[in-house]
Every structure is written in structure tokens, then in C-alpha cells.
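Hi,

Here's the structure I promised to pass along.

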Amino acid sequence: MIHVPAGGRVRIGRAEDLEVTLDDTRASRVHALLIFDGRSVVVHDLESSNGSFVGTRRIEGHSKIGRGDVLYIGSTRIAIVVTKAAGPRPETHGPVVGPVASGRDVVAVDPATVALLVQVRRLGPSDMPVLILGESGSGKEVVARALHRYSLRASAPFIAINCGTLPDSIAESELFGHERGAFTGADARKMGLFDAAAGGTLLLDEVGELSPSSQTRLLRVLQDRVITRVGGVEPIPVDVRVLSATNRDIVADVASGRFREDLYFRLNGVTLAVPPLRSRPRDIMPIVERFLGESGRDVRLAENVVAVMQGYRWPGNVRELRNALECAMALSGGDEIRLEHLPASVRNGGASQASPEAASALRGQLDDVERRTILAALESTKWNQSKAARELGISRRTLIYKMARHGFRTGSTKGPG
């Protein structure tokens, strides 16, 4: 993600010396140019091979992009999110531009989320099972959809099922299907969710809520890669990547015997932890702008609303943030969301935390997280700045700027300054 000042220009393509470098074979080396004039963003297609699109509309020459629009370049979606960067000067206001993943667009501005998205990109092409951990409402399904989008199965179905809402009496039928006459009311053969996800990805959301009998049946399927429909005898091969997610302390559940240890190891090829929203505060306002853009209304936030929303801890995570915005838009009835439009819990909780001292401490924490994230990327790529920039999802120029700001040497010599 990069912040663009008024008058700023952003070149996008596969070349490494651009502001946004894409790892996308369908993108041209220098594919498009974005210009921000302080009020709107204009995208110029630079006679690319495959064209640039806003939604389904192909850009002929150049086109203005609105807040919340998604720009398609090759196989990559680019989010244009108008936000307010830190700093008192008017010229620091501008859009955030960067690649996004999944059908609902991952907003990754905070270093913690950028690091997560780097892992998602690495794991996407693999068929390895992934266990996604995180609090309720933190975005576990969004991460699962991003894994699917980056996978070789992206053109096949993505199916998600909430195991917590699946009664044990019908769990096997829903997952594996049933034959006609298998039980009272089974008047016809029914395909299960493993059938529906054939060739694609199946997400078992809240997998920790499965009953012991359903856990046993699921383990057999993962071991043998075949299903048997309820009331059937013929084993049916399945070609599905299985992802799972839970907000439970599943390690404790394994230790207590509530969750099968062998199933846990089958599901846990790799673990991804989705940080709660309070741990990635830089994502808050870009997510707000994304939701406002999706609403189709031209709504702005009063300054004290921005301060309160950034200071609130959001115990319900992104889901609570969306609900708060929907409530505020319904109550405002106009083009500005004011403090009184926010839910009382957000008003009171955010106001008590939005002090200058707290903001200063938060900035220090964020700088420390960003420094450690950059250092990890540099070390993992043996201090190859171009590779590290690609892992972080930023341009090499932006990486060099951040390295200098955090005291790293930016020349040929490796290591911190």
C-alpha cells in the first residue's frame, strides 16, 4: 500500500522500478498511471496488452475513479481508498493504492495485516491445509477467500460452511450428501458440500464446534480423500482443498480431549493468525472508507468521529465496525456522520482512549511493528531490496524510504545503520 499526495503520480506494472510492482504475468511492464489532483484519481491506461478495467468497463485512454472503485489490471485488483495519512499538512491527504485479494477486498495497510497477506500469497498456490485462528468478526473468512483467490483452484468453487450452526443430526448429510431413502424424508439423492466444492476450496468455519462423531467422519475423509454418502456404500474420490477456521482455543480443546488430536494435525498444515482490529489500528480508517464506498452514498466523517473511531478498541472487530457504520449512516440521514450518530458504546469507549498521550504511544508501537516487519522481510530475502519490497507488497522506492526512516542502511551494505 502507498499513500499518494496531491499532485502525486503512481505507475503500476511488472517493472521493479515502479511505485506499485505487480507479480502478475497478465500485466504489462508499465501498465497504467494514476494521478491524484487533490480531489479525484484519474487512471491512464498506457496502451497495455490486456487493458485496464473499472469493474467490467474497459478504460479507453483515461478515466476518473471514484471512492471505493476497484481497478482491474491483469489478474490483480487494485483498491483505491481515500484516507487521511498522519501529519498536519493538507498535501498529506490522498488515496491509498495497493493490490488487494479476495472478492471482498483485503484492506492491508497496517504492518500486521501486510505481513499476514504476505503469508497468504505464499500459501495460496499450495494445496496444504490451513487452520485460520482469530476472534469472532476479525475476518477469518476473508483470509480464506484470499487463499482461494491466490490458489490454482481460483476458477473453481469456494464453499464456506459454519460448523457452529450445523446440527449434529444432519451434519454428515450436509457435508457428504445422502442417497435416496437413507432416512425418513430423503426422497432423492442429495450432493454434499464436498461435492459442491469439487476442484475448489471448502472452508470449515468454526470447525471447533463439530461434534465427536462428525470429527471422526471428517478425519476419515481427510485421510482417505474419499467420501461415502449417508445410506451409500460406494466410496467417491474428492478433490478439494480444505481450510478451517475457529475462534476457540483449539490447542486447549485438544489437550482436554474435546477435539481430536489426529484431526487437529490433519487440519493444521499451517496456522494463520488473524490479528484483532485493535492490534492493527492503521487498517481502521481504510476499512471505514471501503465500507462507505460500498454503501453508494457520498458520506463524510466529522473530525471528532475519526478520532473516536481510531481510539476505540473494537471488541467485535471488523463486524462491529461495519455494524457501527451502518447504524451511523441510518441515523445521519445526510452527508455527514457526527458523533451522536455512533453507537453509545463506540462514543464512550473511543472518547476515553483518544488522548494525545495514547495516540503518541500508539504511534511508537506502530513504528516498532513496522520496523520489525521490514527487518524480517529483508532477512528472509538476504537483504535483496526488490524481493523484500515484493513480499511486503510495496514498491522498492517506498521500502528504501522506510528503511532510511527506521535507521537501516539503504546502500549495498547489509544490516541496520
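A quick definition before anything else: when I say two residues meet or are in contact, I mean that they have heavy atoms within 4.5 Å. Also, keep in mind that this is a predicted model.

With that in hand, start with the pair of helices α8 (residues 284-295) and α10 (residues 317-332). Their axes come within 10 Å and cross at roughly 50°, which means α8 is oblique to α10. The crossing is right-handed. On the α8 side, the residues involved are I284, I287, V288, F291, L292, E294 and S295, and they meet V318, L321, R322, L325 and M329 of α10. Sorted by type, the residues of this contact come out as nine nonpolar, one polar and two charged.

Next, helix α3, which covers residues 168-176. Its buried residues are A171, S173, L175 and F176. These pack against quite a list of elements: the strands β13 (158-162), β14 (201-205) and β15 (226-227), plus the helices α4 (193-196) and α5 (212-224).

Last one: T246, in strand β17 (residues 241-246). Is T246 buried or exposed? T246 has a relative accessible area of 0%, so it counts as buried. As for what surrounds T246, setting aside neighbours within four places in sequence, its contacts are L131, I132, L133, G134, K140, E206, V207 and G208.

Cheers

How values were computed. Residues are numbered from 1 along each chain as its sequence is written. This is a predicted model: local features need pLDDT of at least 70, side-chain atom pairs count only at pLDDT 80 or more; totals for chains, interfaces and linings use all residues. Side-chain values use heavy atoms; hydrogens and water are left out. Buried means under 20% relative accessible area, exposed over 50%, partly exposed in between (1.4 Å probe, protein chains only). Helices (H or I, at least four residues) and strands (E, at least two) are DSSP runs, numbered from the N terminus. Axes are lines fitted to C-alpha atoms, for helices over the stretch in contact, and angles run from 0 to 180 degrees between N-to-C directions. Angles under 35 degrees count as roughly parallel, over 145 as roughly antiparallel, 65 to 115 as roughly perpendicular and the rest as oblique. A crossing is left-handed if the near helix is turned anticlockwise from the far one by less than a right angle, and right-handed if clockwise. Ala, Val, Leu, Ile, Met, Phe, Trp, Tyr, Cys and Pro count as nonpolar, Asp, Glu, Lys and Arg as charged, and the others, Gly among them, as polar.
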